[in-house]
Amino acid sequence: MRKILVPFLAAAAALAAHVGPALAQEKTLTVYTYESFTSDWGPGPKVKAAFEKTCGCKVDFVSVADGVALLTRLKLEGESTKADIALGLDTNLVSEAKATSLFAPAGIDTAKVKVPGNYADDTFIPYDYGHFAVIYDTQTIKNPPKSLKDLVDGDPSQKIAIEDPRTSTPGLGLLLWVKSVYGDKAPEAWAKLRKRVLTVTPGWSEAYGMFTKGEVPMVLSYTTSPAYHMVEEKTDRYQAAEFSEGHYIQIEVAGLLKGSKNRDLARQFLQFLVSPAVQDVIPTTNWMMPVSAPSTPLPDAFSKLVQPRKTFLMGSDEVAKNRQAWIDEWLTAMSMN
Amino acid sequence: MPEKILPGIELDNVELRLGARPFRFDCTIAAGAITAITGASGAGKSTLLNLVAGFSTPASGTIRIAGEDVTRSHPSGRPVSIIFQDNNLFAHLDITTNIGLGISPSLRLSRNDKAQIEYALDRVGLHGFGKRMPPELSGGERQRVAFARALVRQRPVLILDEPFAALDPGLRQSMRILLLDLHRETGNTVLLVTHDPEEVRRLADHVIFIEDGKVLVRAEKTEFFQLDIEPLRHFLNDS
Amino acid sequence: MLTARQARQAIGGGVLALTLVSLFVAIAVIALLSWDTGRAGSRLMTAYTWRILFFTIWQAFLSTLLSVGLAVPVALALARRPSFPGRIWIIRLMAVPMGLPVLIGALGLIGIWGRQGMANQSLLAIGVSQPVSIYGLSGILIAHVFFNLPLATRLLLASLERLPAEYWLIASSLGMKPFSVFRLIEWPALRRVAPGVAGLVYMLCATSFTLVLVLGGGPAATTLEVAIYQSLHFDFDPPRAIALAFLQIGVTTILLALISVFPAPEAWGLTAGRLPRRFDGSGFGSKAWDAIVIAIAAVFLVLPLASIAISGLHADLIRLASSDIFVKAAATSLSIALVSGLVAVGFSILVINARSAISQAASAGAGLKSLSAALAGLSSLVLLVPPVVLGTGWFLALRPMGDISRFAPILVALVNALMALPFAMRVIAPAMEAHRIRTGRLSASLGLAGWSRIRHIDFPVLIRPMLMALSFAMALSLGDLGAVALFGSSDFTTLPWLVYNRLASYRSNDADGLALILGIICLALTMIGTAGRERERPNA
C-alpha cells in the first residue's frame, strides 16, 4: 500500500503546485485570448514583453481553446469577468459579442487601421486578418482552380480537405464564401463540390495535417499559409489558388470590457495592438496579415502571396441570424448520396 | 445402547436453505474423538462442515463448540482449524510463511513461534522445506504443510474436508497415520468429511451418516458397520 | 466470508464511490442546466438527431463486432504460444494506440491506409490504378479496430491466462482436438468476459469524435458526440447538449442491457498455481495458423505506429525533449496520468469490493441488489458522459471560487479517472474475483484480515492486474486533450496539448516528434503494466 501511496502523494503535490495562489502585485492587465496566440511560437510572448516594457504593468494572458470558447467564457462570467481585454474574436462572433453588452467602445485612434472590405467598428478593433483560400501542392496539382466555380466543377479525382462549419471557423468561412458567391444556388454547388471533398475535419489542424502529409493535394486554409512554408521551411511547394470571384475574409478583433478596472491601460493596450510594435510580429508569428503598415518591410514571401482583388464579408448580424439554416442546408447537400 | 459422550460440537435444530434445498441438522459430536461425516455426494456433508466452520450461517438453530454459542461467529473467531482437499496454501508464499499465518495472521512471529514452525515441519516429515514454494511440492507434501499449520494453531477442533481424496492410496495410508498420531498427541476433536468407507473404518471413532440434508445415523463405528439399512448398504457397497 | 464489519465497510466504500462519482457528474449537469441561455429551447428529436443517432449506433455496433470478433483469434493464438521471442513486445505495443492523441493515430493510419498510403501505393505498384478510398464507414471501422482490437485482445488474453494450468494438462492427456479445446475450455472462458469487453469497446466507438469526422468523409458520418460538442462549444445551448448526452446514455444503457452488462461469475478451477504450459497446438497447421494470425495482427498494429515513428524521427528530438516547455508538459502529463490512474484503480477496488460483499450476503434485500446494479452501471456508463459537458459544467460550478485556472489540472485528472474507471474495472474485477474464490475461505478461517491480509495475501497476487489497470488508465489519460477549453490557464500544458498546439502553429514536424516521444512514454508505461510477468515464473 505504501508503494502506491508515495507516488500518489508526490503526484498530488505536483498538481497542487499548480494551485498556488494567484499573483497579484502591481497593476495587472488581464487579456482573454486563445491558446495559439499565447503559445511559445505565437505572438503572445513578444506582445507581452514589449507592452510590459512601456506600461509599467503586468500583462496576464488567460488563454482558452479558441475564439468561440473565449466568447462563451465571457458570457458565463458576465459582469464579474476579470478580463480587461478580449482578444481573438472573429467578425462572425461580433454580433453575439455585442449582444452580451459586456463591451465598451474602444475609443482609440484607428485612422491607420486598414482592412480589406473596409471593416470598421467602434467597439471591436481588428488586429489581423486573412483571406480564406484553397492551398494546393504544386507537386500534384499542375492546374490549380482559378475560381470557386473551377473548384466546384473540377475533376472529382483531385481531392480537397475542408473543415466542418459545425465545429470550426474556417469551415464556417467556406460556408459563407460559397453562400456569398452562389447565393440561393449554394446547395447545388455543395452537392457538386462534395464529390471533390475527401473528408470534412473537425478543425483546421486535422485538415492541414492531412495536407502536409501528402494525403490530399488541396486544403481550405488562408492566403497567408504559403508564407509559413516559404519563410520557415524555405519551400514554395505549397501555394494558394487565387479565385476570380474573390475571397472571403476572416478578421480577428479585440475589444475592451465595460467592467474593466484598468480602462486607460486597456485602451493603451488596444492602441499598442495596432501599432508597429505588434503589427511587426503578427505576420511571422500568427501567420496573418497586419492591419496597419509595419515599421520594417515584411519578409519577401509576403509579397508573393495572393492578394485577393475582391473581399467577401457578411455582416455578423446576418451570419448570426442565418447560420443554423445555412448549416442545415449544407448538411443536407453534403449528406446526399 | 449409545454411550455417554462429552459434547464437543452441538448442532441444535440448525436449519438452512440453499436454493430450494432445505437442510436440518440436529446432532452432537463427541469431544476429543474422531467423527467421520459421510454420505452420498450431494447429501449435505459439506454444508454441515460449512456450518461448523462458519462459512455458512444457519437461518435458525444454534451451533455450540465446547459449550460456547458460535452460531454467528466469524470463521476466524471459532476454535477451529480446517484443512481442505486442496488450495490449503497461498501459492505465492513460502512454506514457513504459510504455516506462520496459522500462528499470527499479521506474521508477527517470535523466536519461539519460529521454533514451533520448525518443530511442526519436522513433525509432519518436511524438515528443511521452509523456504520452498507450494507449487514445488507434491500434493501429499502440500497436505502435510496444512497439517503442520493446524498443529501450530493449537485449536481444539480440527475439520478435514476430504483431505486425502486427491492423494494416491500409498500416500493416503501414511497421511492417515500422521492424522492419528497428531490426534493422539493433541487430543483434539476431529471432524472428518469423507465418502470413503475404508477411511471411516480406519480412522473414525464415531460416524454421522447424512442423507438428503438430514442426519440419518449417528453411531459408534462398530455399531455403524453392523447396521443394515438400505441407504447404508448402498454406501458401503458402492464406494 | 466477511465479518459483518468487513461487509459493512465494503458496502460503505461502494456507497462512497457511487456518491462521489454521481456528485461529480450531477454538479456539472446541474450547473449547466441552471444556466439561463435566454433562448427558446430547440427541438431535440429532429430528423437530423435521428439520423446521427442511427449512425452512431450502427458504426459503433460494426466497430465492436469487428474489434472483438477479430481479437478472439489473436488472443487465442497468443495464449497458445506463451513464449516466443517478441511476444511481450507485441503485447506492450497494444497499449500504445490508447495513449496516442486521436489525431496522431488518425494521421498514422492515413499514412498506411490513405490515398497516398502504403497500402494504396502497393496496389498501384502491382497495377491497380484506381486508389481504394477508405474515407467513409470503412475508414471509421479500420480506425476503430486499430484503436480497440489491441484493448480487446489484451482483456481476452488475460481471461485465457487466468485458466488453471491443469486445464491444459487435462486437455492434452484426454487428447482433445483444437476445436474441442476451443469449445470446452477457451470459449467458455472468453464468453464470460466478452460481453464486458464488447460493452467497453462499444462505448468507446459510440463516443468517437475526431476519428469519425476525419475518416468519415463527410457530415453523413456524424456521431452524437459531435452534436453535443457543437451545441455546447459552438452554439452554447446547454439544455440541448445535456438532452443529447442523456439520449446517448439512455440508448447505450438499453443496448448494454441487451448484451448483458456483466459476465456471469467464473467458475474457478482450483489450481496449484502451476505455470501454464500448453501442450496443444503442436501440429504444423496449428502453428502456421497462429503464426499467420499473430503476424497479421502485429503488422496491422505496428505499421501505423511505424508511420508515426518515422515521421517523428524527422524532427529534432533532442531539441524537443530538452526544451523547458516539453519538460514541464511531460511532468504535468505524467502527474495527471498517475493521479487519475490511481483514483481510477482505487474507485474500481471500492466498487468491486462492495459488489462482491453484496453478492456474498446471504440475504441481500432489494436495496442492496439495486445498489450493486447501480455500481455496475455507474462504473461503465460514466464513460459516456461527454468530457465537454463535465468541463463546462465544472467551469460554471467553480466560477465563484475565484481563479478558475487553478482547478484545471485537478479537473482533468478527475475527468480522466472517470473515463478510465470502466477499463480499470474490467482488468481488476475478474482477477479480484478469482483471488477471492481461491483464498477467501482459507483467509477467513485463519483470521487474516485488514492490513495483514492486504500485505501478505492480496497485494502480492493482485499487484499485477492493478499495475496493468494503472498502466491502461495512465495511457488513456496521457493521450487525452483535457476538457478544460474554458479554463484558460496558460501554465497548464500537457503533452497532447503541446502536440495540437504545434500543429495549430504549422509546426507539424515538431508535432510528429512530440507524438513519437509520447508513444515511447506510453510504451514505457505498459512495461509497468506487464511487469512481474517474469517474476511470476519463479523457482517452480
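1. The buried residues of helix H8 of chain A pack against helix H6 (148–153), strand S6 (160–163), helix H7 (169–182), strand S7 (197–201) and helix H15 (316–335) of chain A. Helix H8 spans residues 186–193, and its buried residues are A:Ala186, A:Ala189, A:Trp190, A:Ala191 and A:Leu193. Buried means under 20% relative accessible area, exposed over 50%, and partly exposed in between (1.4 Å probe, protein chains only). Helices (H or I, at least four residues) and strands (E, at least two) are DSSP runs, numbered from the N terminus.

2. A note on the basis of the values is needed here. This is a predicted model, in which local features need pLDDT of at least 70 and side-chain atom pairs count only at pLDDT 80 or more, while totals for chains, interfaces and linings use all residues. Residues are numbered from 1 along each chain as its sequence is written, chains are lettered from A and ligands numbered from 1 in the order in which they are written, and side-chain values use heavy atoms, with hydrogens and water left out.

3. Which chains have the most contacts between them? Among the 2 pairs of chains that touch, chains A and C have the most contacts, where contact means heavy atoms within 4.5 Å. No contact joins chain A and chain B, and their closest C-alpha atoms lie 15 Å apart.

4. The interface of chains A and C involves 70 residues of chain A and 69 residues of chain C. About 6,100 Å² is buried between these chains, with carbon and sulfur atoms giving 63%. Buried area is the accessible area (1.4 Å probe) that two parts lose on being put together, summed over both.

5. How many salt bridges cross the interface of chain A and chain C? The rule finds 4, a salt bridge being a side-chain nitrogen of Lys or Arg within 4 Å of a carboxyl oxygen of Asp or Glu. A salt bridge joins the side chains of A:Arg323 and C:Asp235 (3.0 Å, N to O). Between chain A and chain C, 18 residue pairs are in polar contact (both at pLDDT 80 or more). A polar contact is a pair of N or O atoms within 3.5 Å; within protein, one must be able to donate a hydrogen and the other to accept it, and residues adjacent in sequence count only if both atoms are side-chain atoms.

6. Several elements of chain A each supply at least two residues to the side that touches chain C, including helix H1 (2–18), helix H4 (67–77) and H15. H1(A) gives the most to this side, with 9 residues.

7. The contact of chains B and C takes 26 residues from chain B and 25 residues from chain C. The area buried between them is about 2,300 Å², and carbon and sulfur atoms give 66% of it.

8. The whole structure holds 31 aromatic pairs over all chains. Rings of Phe, Tyr and Trp (its six-membered ring) pair if their centres lie within 6.5 Å; planes under 30 degrees apart count as stacked, over 60 as edge-to-face and the rest as tilted. The pair of B:Phe209 and B:Phe224 is tilted, because the ring centres lie 6.4 Å apart and the planes stand at 35°. B:Phe209 counts as buried at 2% relative accessibility, and B:Phe224 is buried at 0% relative accessible area.
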